[in-house]
Amino acid sequence: MTYQTDGPGPLRHVEHVMGTVFSFDVREVAAADRPRVQAALDGAVVGLHRVDELFSTYRPDSQISRLGRGELTPSRCDPEVRDVLRMCEEAEHRSGGWFSARYAGGRPDPTGLVKGWAVERAARMLVSSGAGSVCVNGGGDVQVHGGPWRVGLADPLRRGELAAIVEARGELAVATSGPAERGCHILDPHTGRPPAQGLVSVTVIATSLADADAWATAACAMGAGRARSWLGRLPDAEAHLITADGSTWHTSGFARYSAELCV
């Protein structure tokens with residue numbers, strides 16, 4: 001593992017795992033806490049690789065793959081797998097079935113929640129070790145503590161430009177879903193087809209990144225019409241949507257977190 005650790009400044013690290021890039025930015029570390037925070041950062045990185053081993057749908061030896069083939073039952077899986085599957089069931093219930101952790105045919109696929117959960121857990125490990133200000137970014141989904149932090153939301157229709165900037169303080173999570181990076185990978189769970197009134201970007205702000213990740217995925221599956229109505233009623237969360245024609249919509253409280261874009 002390679003870190004920027006020299007001197008009394010922040011700790012920073014970039015790790016390639018789970019098919020994406022995770023970055024850690026740890027600020028406000030007292031000299032006395034630095035060895036403990038460094039150890040927590042090491043542990044958080046190891047934990048991400050463990051998550052990949054357990055949950056990857058691309059690894060035939062992962063517990064999720066073995067569960068899908070009937071070689072394991074949930075009771076014989078690692079407790080972390082059971083916890084994530086339970087969280088997925090709760091997200092499916094809260095979204096009225098629009099969040100789904102299953103492929104067509106019933107095989108488990110918790111990828112719409114597990115990355116956010118893994119980032120949130122890594123950030124909490126660092127905070128518990130004594131870090132005063134933490135930002136963990138997993139493939140564009142961000143969990144912060146302390147701050148202030150500024151999180152840019154990429155504009156999927158104008159490469160290299162931002163659609164909005166979120167100012168984050170305290171404990172806050174920002175998750176974005178959409179087809180811009182990976183193509184149309186989120187399907188309507190009721191039809192198995194791409195959603196009607198497709199969205200090119202859904203960003204959800206919440207306290208928990210596991211929740212924000214699941215809600216952004218569910219809203220993408222709903223399409224623009226249903227997503228607006230549902231997100232507007234979702235407690236303790238705000239959202240920003242971009243449609244294929246470039247129009248935008250956001251919940252009434254999103255402006256509390258929005259910073260002015262510099263032109």
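Strand 5 and strand 6 (residues 162–168) pair in the antiparallel sense over six bridges; strands are DSSP E runs of at least two residues, numbered from the N terminus, and two strands pair if DSSP finds at least two bridges between them. The model is predicted: local features need pLDDT of at least 70, side-chain atom pairs count only at pLDDT 80 or more, and totals for chains, interfaces and linings use all residues. Residues are numbered from 1 along each chain as its sequence is written, and side-chain values use heavy atoms, with hydrogens and water left out.

- Three strands make up an open antiparallel sheet in the order 5-6-11.
- Strand 5 and strand 11 (258–259) are at the edges with a single partner strand each, so one side of each has no neighbour in the sheet.
- Strand 6 and strand 11 run antiparallel and are joined by two bridges.
- Val166 of strand 6 stands opposite Val151, and its bridge partner in strand 11 is Ser258.

**Faces of strand 5**

- In strand 5 (residues 149–154), Trp149, Val151 and Leu153 point to one face and are buried (under 20% relative accessible area, 1.4 Å probe, protein chains only).

**Ser95**

- Ser95 lies in the loop between helix 3 (79–94) and helix 4 (111–128); helices are DSSP runs of H or I with at least four residues.
- The relative accessible area of Ser95 is 3%, so Ser95 is buried.
- Beyond residues up to four places away in sequence, Ser95 touches Ala218, Met222 and Trp230 (heavy atoms within 4.5 Å).
- A polar atom of the Ser95 side chain lies 3.2 Å from the backbone oxygen of Glu92.

Note on methods
Buried < 20%, exposed > 50% of the residue type's maximum accessible area, 1.4 Å probe, protein only. Polar contact = N/O pair within 3.5 Å; in protein donor to acceptor, adjacent residues only side chain to side chain.
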